[in-house]
Amino acid sequence: MSRAVTKSFGVGIMAIGAAAICIAGYQYSKGQQVDQQVAYAKSSVTSQKAQLTSAEQTIQTFYVSQESGILSDKVTDETIDTVTNQLGGVQTTAEALGITESQLPTEIKNLDKTKETLLSEIQTIKEKRSLQTKIDALFEQAVNWTTYADPAAINEKSTATAISELKDSVNVLDKDSWQTLANQYLDEAASQRTTIDTIQAGIDKMYQNGTATTEATYDAYLPLATDIDAVKNQTVRQTFVQTLNAINEQMEFGAPVQ
């Protein structure tokens, strides 16, 4: 074997040896890094748990009572965002901690379940706030969300479809006192809407193009004249009064509406 070949062979052996040392060093370094990450995950349990406890305590203030599910006035978009961000900062997954699922401490897994429960509760609170805003918009004045109180008149533009869709959204949530309260207001809105629509339908049959039709009989007129007392929206009621009085005058019923 020539000197050149021998020299090349030796260089090759040295290169392989150097590479093996690098690989071994990398694996050792990586192993140390993983050990450190696992150790960090274990050591972080106390601080992560403290953050979850703090978030849970804040969430409890969002209710008048947690059992009822009725929201307190302490719930705002800002407070919800604060708690959501606080929960987002809690690292409870293997990916977030830079380790494998099998290396994830049991304590952290348990904290992850708590975190997901709290995030789900925050989402429900956000949905309730959104629904409250939409239900308030059905009426001329915002309703009482602590306990049921006879609400104001519904807005003229509040439709039966909108009310029905809100009721479906409310009933998707878990049953609690908040859901009962929301449904009471939606039932009232639906009742007012039905009254208005029923009277309007009757008037449309009896009065067209400024003239009373053959449908404008006393027996058909009188129930409508009585039913308008149930119309809370004064703008709508006044329109009904004017139309019914026009029918009364043309048909000479002698029963004007006040």
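**Burial and ring pairs**

Modeller: This is a predicted model.

Biologist: Why does Phe253 count as buried at 18% relative accessibility?

Modeller: Buried means under 20% relative accessible area. Phe253 has 18%, so Phe253 counts as buried.

Biologist: Why is the pair of Tyr221 and Phe253 called tilted?

Modeller: The ring centres of Tyr221 and Phe253 are 5.0 Å apart, and rings pair if their centres lie within 6.5 Å. Planes under 30 degrees apart count as stacked and over 60 as edge-to-face. The planes of Tyr221 and Phe253 are at 40 degrees, so the pair is tilted.

Biologist: What makes Tyr221 and Phe253 a tie between parts of the chain?

Modeller: Tyr221 lies in helix α8 (residues 218-227) and Phe253 in the segment after α9 (234-251). These parts are 32 residues apart in sequence, so the pair ties them together.

Biologist: How many aromatic pairs does the structure hold?

Modeller: There are five aromatic pairs. One of them joins Trp145 and Trp178.

Biologist: Why is the pair of Trp145 and Trp178 called stacked?

Modeller: The centres of Trp145 and Trp178 are 6.0 Å apart, with 15 degrees between the planes. The distance is within 6.5 Å and the angle is under 30 degrees, so the pair is stacked. Trp145 lies in the loop between α5 (106-136) and α6 (160-172), and Trp178 in helix α7 (residues 177-206), so this pair ties together parts that are 33 residues apart in sequence. Both Trp145 and Trp178 are buried.

Biologist: Which residues do ring pairs link into a cluster?

Modeller: The cluster consists of Trp145, Tyr148, Trp178 and Tyr185.

Biologist: Back to α8: which residues are buried there?

Modeller: Tyr221, Leu224 and Ala225 are buried in α8. They cover an arc of only 100 degrees around the axis, which puts them on the same side of α8. An α-helix has 3.6 residues a turn, so residues three or four places apart point the same way. The cover over the buried residues of α8 includes α7 and α9.

Biologist: How do you know that Leu87 is buried?

Modeller: Leu87 has a relative accessible area of 0%, which is under 20%, so Leu87 is buried. Leu87 lies in helix α3 (residues 77-88). Leaving aside neighbours within four places in sequence, the contacts of Leu87 are Leu52, Ala55, Lys115, Leu118, Leu119 and Ile122.

Terms used. Residues are numbered from 1 along each chain as its sequence is written. This is a predicted model: local features need pLDDT of at least 70, side-chain atom pairs count only at pLDDT 80 or more; totals for chains, interfaces and linings use all residues. Side-chain values use heavy atoms; hydrogens and water are left out. Helices (H or I, at least four residues) and strands (E, at least two) are DSSP runs, numbered from the N terminus. Buried means under 20% relative accessible area, exposed over 50%, partly exposed in between (1.4 Å probe, protein chains only). The arc is that of the directions from the helix axis to the C-beta atoms. Contact means heavy atoms within 4.5 Å.
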